[in-house]
Amino acid sequence: MANNKINTVSTKTIAEPPPPSRDSLEIYQALRKSEERYRELVEHANSIIIRWDQNGVITFFNEYAQQFFGYTEDEIIGRHVVGTVVPTSESTGRDLRPLMEDIGNHPEEHRYNVNENVTKSGRRVWVAWTNKILTDDRGETIGVLSIGSDITKQRLLEEELRQAQKMQAIGELAGGIAHDFNNMIHGISGYAEVIHQITDDFRITEYANNILTTAHHAAELTKQLLTFARKGSYQLTECNTHEIIRDVCAMLERTIDRRIYIEQQLDASRPHVMGDPAQLKSALLNLGINAKDAMPEGGSLRFSTSNVSVSEEITISDFEIAPGQYLLINVSDSGTGMSAEIRRRIFEPFFTTKESGRGAGLGLAAVYGTTHLHKGAIRCRSSEGQGSSFDLYLPVIRDGAGQPRTGAAESPRERKIRIMLVDDEAIVRSYSKTLFEMHGHSVETFAAAEEAINHYRQHYREIDLVLLDMIMPKMDGQQLFAFLKRINPEIRAILATGYSMESKVQEILADGILDCIQKPFTYEQLQQKIEKLVAEGVLAEP
């Protein structure tokens with residue numbers, strides 16, 4: 001029997017991977033949940049989160065970014081940042097394309113930047129960005145993660161603060177220039193008066209009159225500068241603004257293009273304010289003339305009034321308004337309007353869009369200063385092709401709270417008195433002595449407070465009137481007056497000032513100064529004040 005050998009062939013089976021352990025399953029689920037939470041956090045974060053590659057193409061745009069910029073995810077993914085959320089240039093003129101290219105190539109050098117952005121609707125916004133490099137597994141840069149915060153409101157507030165500081169600095173500069181220029185004009189007009197007095201030559205008289213006229217125009221310019229600088233000398237009385245507006249409208253109707261229709265809607269039940277009628281009239285006239293220039297082909301100019309109540313302190317432009325009752329005067333036109341850039345600068349002195357020779361650029365600057373002096377506020381609203389509207393807020397007064405001041409009748413006869421004049425400007429001292437003595441007054445002049453004090457201590461009984469300059473080195477006019485008053489409590493003095501804020505003038509008058517006179521003044525103006533004081537019995541005729 002044959003033996004049969006049976007060969008057995010073994011088959012190797014491939015084992016399936018073992019089911020995941022409980023620990024690894026938990027890790028996987030935790031990672032997935034973490035990723036979901038991260039995505040949910042990024043999508044719903046109250047920050048703008050954008051991811052873009054080195055070429056500037058947007059690859060991720062979170063939900064907040066979509067709401068902020070107005071783009072859906074389908075509209076924005078795959079598009080370049082420049083031309084969508086980043087304008088090619090800011091409103092300031094800065095080209096943003098090189099910046100975005102540099103951030104894409106060297107994000108580590110731009111970890112933080114601020115730039116202007118634009119929404120889908122075209123609205124300009126300011127965003128503060130933090131940028132982080134995105135790398136691949138090999139550590140090579142593949143893009144940028146940018147997280148942004150909307151700082152538009154902060155930027156506007158900063159801009160308003162900068163504008164307010166700039167206007168204050170310009171005001172200080174304008175005030176200083178106007179004060180020094182006033183003294184020069186004072187000397188020019190003074191000596192022109194002297195020439196006019198001593199000559200019988202018709203031609204010389206005519207030349208002197210021309211000098212006086214030119215000096216008067218120069219003085220008007222400095223007055224506008226001083227008003228802008230809030231250093232104009234003025235005294236407050238009760239004003240009916242409706243009467244002022246009617247006068248302004250009547251004046252404009254006689255002088256401007258008849259194709260411009262002037263309308264009045266005076267609805268305020270309480271139109272009275274404490275103010276300087278001449279300055280308020282000048283401010284409204286300047287607004288009317290400014291509107292006229294914006295309507296070369298004709299149009300409509302409207303003056304309206306209403307009463308408004310302010311319950312808490314607010315800021316209008318760079319003016320702070322205290323709680324209370326206010327008169328709102330609106331001056332609006334249908335003219336060409338202004339761009340945002342021009343609107344930001346309209347109250348700066350010497351800024352003008354008019355052709356050379358058609359304006360000094362001081363009209364609206366003077367309106368700005370008048371508003372400050374009257375503790376009010378002014379706001380301009382305008383856009384190109386849509387006309388302009390100015391809102392002027394002035395605090396109202398209770399009925400009968402103030403009464404206009406009236407002066408005593410002037411004596412027609414010129415009185416001769418003994419004057420002590422103190423002024424640090426040599427030309428003012430020189431011409432004043434010459435001119436006043438030509439009219440029979442006795443005049444002693446002094447350049448500094450110390451020598452004036454020594455003279456007054458010895459001769460105050462012989463001096464009828466002291467004429468003091470307000471702004472002098474070491475000791476100003478108010479301080480010098482206080483010193484002289486200790487020597488003679490009955491001192492009679494007038495303060496000559498190139499500028500002085502209303503509060504300062506009222507303070508000086510309360511100290512006992514008889515009156516204030518605005519530089520540059522003519523001899524006739526000074527003589528009128530002297531005659532008034534004599535008529536009132538304040539100055540006795542020697």
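Reader: How many residues does helix α11 have, and what is its reach from first C-alpha to last?

Author: Helix α11 runs over residues 426–438. Helices (H or I, at least four residues) and strands (E, at least two) are DSSP runs, numbered from the N terminus. The expected span is 1.5 Å times one less than the number of residues. Here 18 Å is expected, and α11 comes close to that with 13 residues and a reach of 18 Å.

Reader: What kind of model is this, and how are residues numbered?

Author: This is a predicted model: local features need pLDDT of at least 70, side-chain atom pairs count only at pLDDT 80 or more, and totals for chains, interfaces and linings use all residues. Side-chain values use heavy atoms, with hydrogens and water left out, and residues are numbered along each chain as its sequence is written, from 1.

Reader: Which residues of α11 are buried?

Author: Buried means under 20% relative accessible area, exposed over 50%, partly exposed in between (1.4 Å probe, protein chains only). In α11, the buried residues are V428, R429, Y431, S432, L435 and F436.
Just after the helix comes a residue with positive phi, about 95°: G440.

Reader: What is the strand order of the open sheet?

Author: The sheet has 5 strands with antiparallel pairing. Two strands pair if DSSP finds at least two bridges between them. The order is β2-β1-β5-β4-β3.

Reader: Why is one side of β2 and of β3 left without a neighbour in the sheet?

Author: β2 (58–61) and β3 (112–118) stand at the edges. One side of each is left without a neighbour because each has a single partner strand.

Reader: Which residue of β4 is the bridge partner of N115?

Author: β3 and β4 (residues 124–135) pair in the antiparallel sense, over 7 bridges. In β4, N115 has as its bridge partner V127.

Reader: Is L539 buried or exposed?

Author: L539 lies in the segment after α15 (523–535). Its relative accessibility is 2%, so L539 counts as buried.

Reader: Which residues does L539 touch?

Author: Contact means heavy atoms within 4.5 Å. R492 is 47 residues from L539 in sequence, yet 7.6 Å away, C-alpha to C-alpha. Leaving out residues up to four places away in sequence, L539 touches I417, D464, L465, R492, I530, L533 and V534.

Reader: What share of the residues in the protein chain is buried?

Author: The chain comes to 15 helices and 19 strands. Of its 542 residues, the buried share is 43%.
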